[in-house]
Amino acid sequence: KGDAMVPTPSPESSVRLDKSQKIMSQAKQPVTATTEPMLPPDSEWSFSRLALFYVVLCIFRMLNTVLIQSMFDPDEFWQTLEPAYCQVFVEGDCQGYTWEWTRRAPDSASHWIIGRSMLGPARSYLSVLPTHWFYWLLKTLHIDTHWLVARGPMLLTAIIVAAPIDAIVWYMAQWLDPNLSAWALFCSLSSWFHAFTLVRTFANGQETLLISLGVALLSPELL
């Protein structure tokens with residue numbers, strides 16, 4: 001029997017083989033996780049300075065609540081205050097629930113799927129939880145005075161919604177141009193509509209905060 005003929009690889013196949021080997025070697029290398037810095041690398045802000053900055057914003061927005069002596073929209077009561085009050089302070093049937101919380105399928109529903117989809121609350125209870133916990137704390141500590149029940153949730157909103165939005169505006173401006181961050185913060189603090197609405201107990205305020213926070217987390221990549 002003759003010797004078996006071994007084909008010699010062509011130059012093109014050798015190049016493809018080298019490329020595939022490089023790709024395989026790169027895939028086997030461990031991937032190290034990289035984290036984006038909290039602030040631009042040239043920023044001089046320390047953690048303690050940022051904490052003090054946030055406290056000042058909270059104080060500013062809490063003073064903002066004292067200036068609010070009006071009603072803007074019924075939803076600032078129906079979306080959070082009344083459901084939380086009913087859950088904490090009222091036993092049995094409560095008249096504070098609007099159609100959003102007590103809706104029922106109409107008799108004219110043509111299909112059971114439509115009927116089931118229209119049964120139960122129209123919105124999530126998550127937006128009510130901060131006020132619910134606040135009222136529960138007032139009741140537990142026996143400090144549920146008229147003023148704290150009526151105005152306390154606005155102070156809570158100033159701390160967990162309004163002040164964070166101001167801080168997020170400043171934070172995103174830091175990535176865009178640090179020289180303009182102070183002006184961006186000034187525009188947020190001096191906005192009459194922010195002063196009039198951010199401290200009110202709307203569920204929309206929490207939604208605004210979450211959307212702003214999502215954009216802020218992308219600031220190192222976007223800006």
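Start by selecting Glu82. In this predicted model, Glu82 is partly exposed, with a relative accessible area of 29%. Glu82 belongs to helix α4, which covers residues 81-89. Glu82 and Gly96 sit 14 residues apart in sequence, yet their C-alpha atoms are 5.3 Å apart in space. Show the contacts of Glu82, leaving out neighbours within four places in sequence. Phe77 and Gly96 are the residues in contact with Glu82.

Next, select His132. This residue lies in helix α7. Is His132 buried or exposed? His132 counts as buried because its relative accessibility is 18%, and the cut-off for buried is under 20%. Display the side chain of Tyr125 as well. The side chains of His132 and Tyr125 make a polar contact at 3.1 Å. Beyond residues up to four places away in sequence, His132 touches Ala84, Gln87, Val88 and Tyr125.

Ser124 is in the loop that runs between α6 (112-117) and α7 (129-140). Its relative accessible area is 44%, so Ser124 is partly exposed. Zoom in on the side chain. The side chain of Ser124 reaches the backbone nitrogen of Leu126 at 3.1 Å. Ser124 and Glu100 are 24 residues apart along the chain, and 9.8 Å separates their C-alpha atoms.

Now go to helix α2, residues 47-67. This helix has 21 residues. From first C-alpha to last, α2 reaches 31 Å, close to the 30 Å expected at 1.5 Å a residue. Colour the buried residues of α2: Leu50, Phe53, Leu57, Cys58, Arg61, Asn64 and Thr65. Turn the view to look down the axis of α2. The buried residues fall within an arc of 140°, so they line one face of the helix. Ser48, Leu52 and Leu63 are exposed residues on the face of α2 turned away from that buried side.

What do the buried residues of α2 pack against? Show α8 (146-176), α9 (181-190) and α10 (192-197): these helices are the packing partners.

Finally, zoom out to the whole chain and show it as a cartoon. The chain has 12 helices and 0 strands. Colour by burial: 32% of the 223 residues are buried. Among contacts with a separation of 6 or more, 71% join residues 24 or more positions apart. End with the surface. The chain exposes about 15,400 Å², and carbon and sulfur atoms supply 66% of that area.

Methods: Residues are numbered from 1 along each chain as its sequence is written. This is a predicted model: local features need pLDDT of at least 70, side-chain atom pairs count only at pLDDT 80 or more; totals for chains, interfaces and linings use all residues. Side-chain values use heavy atoms; hydrogens and water are left out. Helices (H or I, at least four residues) and strands (E, at least two) are DSSP runs, numbered from the N terminus. Buried means under 20% relative accessible area, exposed over 50%, partly exposed in between (1.4 Å probe, protein chains only). A polar contact is a pair of N or O atoms within 3.5 Å; within protein, one must be able to donate a hydrogen and the other to accept it, and residues adjacent in sequence count only if both atoms are side-chain atoms. The expected span of a helix is 1.5 Å times one less than its number of residues. The arc is that of the directions from the helix axis to the C-beta atoms. Contact means heavy atoms within 4.5 Å. Accessible areas come from the Shrake-Rupley method with a 1.4 Å probe; for residues, only the protein chains shown count as cover.
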